[in-house]
Amino acid sequence: MTNAVEIENLSKDYGKLHALNNIMLNVPEGTIYGLVGANGSGKTTLIKVLVGALKPTVGNVKVLGLNPLRDRWKLRRQIGYMPQTPALYDDLSAKRNIMFFGGAQNIFDLEKKTDEILEFAELTNRAHDLVRTFSGGMKKRVSLCCALIHQPKIVFLDEPTAAIDPHLKLQSWNLFHQLARSGVTLFISTHLMDEALLCDKVTILGNGEIIAVDTPQKILERGKTIIKFSENGEVKESVIDSTPGSLAKELHRLGLKQDITSISFQPDNIENIVLNIISEKENSKPK
Amino acid sequence: MNALIITKRVLKQLQGDKRFLALSIIAPLIVIYFLKLLFDAFPPIVPITNFTMPIGALIVHFLSFLLCAILLVQERTRGTLERMLISGYRRTSIIGGYTLGYLGLATIQAAAVLFESLWLFDLKYGKETIFILFMVIWLLAVVSVMLGIFVSTFARHEGHVLPFIPLIILPSVFLTGLIIDIDALPGWAALIGKCLPLHYAVNIIHEIIKPEYSLHNTYLDFAILVGYIFLLWILASLTLKESE
């Protein structure tokens, strides 16, 4: 599988602040790639370097085999970018916003394609309404349409589902999966750890450094599971790794005696796991 | 071609923001009226006709500069400027689109200020003089739009535009020949005045409102005003960063 994004030894400094430090990353084509981290961890900076809005201090970056700075005009036809803020014109309608940003690429039959993308985002009935009358979630969807109107091969989405309700979030993720199935690579940043589970692969970023790169399942397995059971009326608790093997081993140790009447599992949630991974990494650094 | 798409969007936005549109046309008219009240209080010995049109030009210069700079800075703070660049719009298209878009507003401002001044101050000029006065104020408005675009490239938010007012607009009031002849100023101050576009607009206005004017005397000043437009276009294109 070829890589849509290749990053080697990337660092970005803002004066004395190291926003990104020695990032090495490959994003396979056609995947939903999650960039997870707390606010200020460097997610937006990394995305802005990848779309060519920021110059790296050091390191090499390739997106679809092109340099985002040197080959910016060739690349901009092939990438979509949805910034963290909606970055739309409030005084224009949803349709005019999409047509305006699509206009930069001289797309053939722009109006028809705009209507199609509005339908895809379930915004057809609000197409002619001013964006200022839209909710935060709807603005995000218009913003997504602006990023997709020229049918890019890779889309960079910076916190696409932040501050929107669970229903719209689910709807957005359905759209992302639909896009991925059509062969588009999605590079999604989020501080919402549960969203990491919806990606094919995840990179955890902390203080501008890569903390972990893995599949969501493997990351979940790095958490702990608490087993609570009652034996002869006494409630006991043991903490095991979240792997199936660990659970079996624990149950064998317990022997599953007749006296054990109930077992409940309380797996670590993804947020705790990610936060623990970050703090373990921080603690392992030489003081 | 892409510049025209941006122009169309700017015009649509202006059309949508009726409050902004009304304020940017009514505000200079109100200021001209205040100027009339002030001049009426002056003793008759003061040649107020020498000041009326240059001050009208200053008002258009100030407002066009400020409005354009602030609106372009808003594009930056809202993230739409960055999005335009990443979507594939080029710097020259953005600057060209903006200039053409705000030119319409600048034209209306120039015409409103000119005709209100003529009416309020009962100025009796020939058709040719009025046309040339309009052209000067309009050209100055275009320079102001370009200056606003150029200045906006140094501002991260709207507040950053404000220091440019004492830096560019206030020296224009004192050093460009608007109030006193530039030759009466110390050499270095006159030099600063000659670097400011309002000086050339004031020169043309002073020449053209003479009963026996010579168009020939205004050619160089007109050429310099046009030169400012191209110079600021180039400077703005160079300073508008595509990546930081």
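In this predicted model, B:F20, B:L21, B:S24, B:I25, B:P28, B:L29, B:I32, B:Y33 and B:K36 of helix α2(B) are in contact (heavy atoms within 4.5 Å) with B:L105, B:I108, B:Q109, B:A112, B:V113, B:E116, B:S117 and B:L120 of helix α5(B). By class, this contact holds 12 nonpolar, 3 polar and 2 charged residues. Here Ala, Val, Leu, Ile, Met, Phe, Trp, Tyr, Cys and Pro count as nonpolar, Asp, Glu, Lys and Arg as charged, and the others, Gly among them, as polar.

Residues are numbered from 1 along each chain as its sequence is written, while chains are lettered from A and ligands numbered from 1 in the order in which they are written. Local features need pLDDT of at least 70, side-chain atom pairs count only at pLDDT 80 or more, and totals for chains, interfaces and linings use all residues, whereas side-chain values use heavy atoms, with hydrogens and water left out.

**Geometry of the helix pair in chain B**
- Two packed helices are described by the angle between their axes and the distance between the axes.
- The axes of α2 (residues 18-40) and α5 (residues 91-120) of chain B come within 10 Å and cross at roughly 25°; axes are lines fitted to C-alpha atoms, for helices over the stretch in contact, with angles from 0 to 180 degrees between N-to-C directions.
- α2(B) and α5(B) are therefore roughly parallel to each other (angles under 35 degrees).
- α2(B) passes α5(B) in a right-handed crossing, in which the near helix is turned clockwise from the far one by less than a right angle.

**Helix α5 of chain A**
- The 13 residues of α5(A) (residues 136-148) should span 18 Å at 1.5 Å a residue, and the 19 Å between its end C-alpha atoms agrees; the expected span is 1.5 Å times one less than the number of residues.
- In α5(A), 12 of the 13 residues are buried (under 20% relative accessible area, 1.4 Å probe, protein chains only), including A:G137, A:R141 and A:L148.
- The cover over these buried residues includes β5, α3, α4, β6 and α6 of chain A together with α4 of chain B.

**Residue B:Q74**
- B:Q74 lies in helix α3 (residues 49-78) of chain B.
- B:Q74 has a relative accessible area of 24% and is therefore partly exposed (between 20% and 50%).

**Chain A as a whole**
- Chain A contains 10 helices and 12 strands; helices (H or I, at least four residues) and strands (E, at least two) are DSSP runs, numbered from the N terminus.
- Of the 287 residues of chain A, 51% count as buried.

Note on methods:
Parallel < 35°, antiparallel > 145°, perpendicular 65-115°, else oblique.
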